[in-house]
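Please open the structure in a viewer and keep the selection tool at hand.

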Amino acid sequence: MLSLIYFVLICFSITKTLVYGSVFDKIRPKGKPWDCVLCMGFWVSLIIAGLISQGWVFFFPPIIGWIDVILLGFLGSGTSYLLDNIIDDEGLRIEIKK
């Protein structure tokens with residue numbers, strides 16, 4: 001369970017850095033997936049899950065097959081999108097709508 005939390009947080013932080021990080025402003029291409037957290041989150045999660053399946057990331061249990069890699073890609077994409085809508089640069093984003 002802890003490794004899944006690590007996975008989600010790693011994918012979220014890499015996605016957030018690639019989409020919004022000022023260090024990439026001059027070299028970041030315009031358009032999808034570079035300006036979409038959901039799209040970039042999927043590709044980042046897919047790459048991280050692929051590295052895990054090959055045994056390159058040592059603190060995760062091994063993944064059995066390519067279906068696990070694809071499912072983790074969707075998990076990372078969805079949680080990156082969710083966390084991006086909840087957390088911004090100033091902290092938690094709380095809006096009360098009437």
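Which side chain meets D25 in a salt bridge? Select D25 and R28: their side chains meet in a salt bridge, with 3.0 Å from N to O. A salt bridge here is a side-chain nitrogen of Lys or Arg within 4 Å of a carboxyl oxygen of Asp or Glu. Side chains of opposite charge can pair when their charged atoms come close. R28 is buried, with a relative accessible area of 16%, whereas D25, at 44%, is partly exposed. Buried means under 20% relative accessible area, exposed over 50%, and partly exposed in between (1.4 Å probe, protein chains only).

Before continuing, note that this is a predicted model, in which local features need pLDDT of at least 70 and side-chain atom pairs count only at pLDDT 80 or more, while totals for chains, interfaces and linings use all residues. Residues are numbered from 1 along each chain as its sequence is written, and side-chain values use heavy atoms, with hydrogens and water left out.

The structure holds three salt bridges. Next, select D88 and R93, which form a salt bridge whose closest N and O atoms are 3.5 Å apart. D88 is partly exposed at 24% relative accessibility, and R93 is partly exposed at 33%.

Now select K16 and D84, which form a salt bridge with closest N and O atoms 2.8 Å apart. This pair links distant parts of the chain: K16 lies in helix α1 (residues 2-20) and D84 in helix α3 (residues 66-86), 68 residues apart. Helices (H or I, at least four residues) are DSSP runs, numbered from the N terminus. D84 counts as buried, at 8% relative accessibility.

Keep α1 and α3 selected. Their axes come within 9 Å and cross at roughly 65 degrees. Axes are lines fitted to C-alpha atoms, for helices over the stretch in contact, and angles run from 0 to 180 degrees between N-to-C directions. The residues in contact (heavy atoms within 4.5 Å) include F7, C11 and K16 of α1 and L72, L83 and D84 of α3.

Note on methods:
Helix = DSSP H or I, 4+ residues; strand = E, 2+ residues; numbered from the N terminus.
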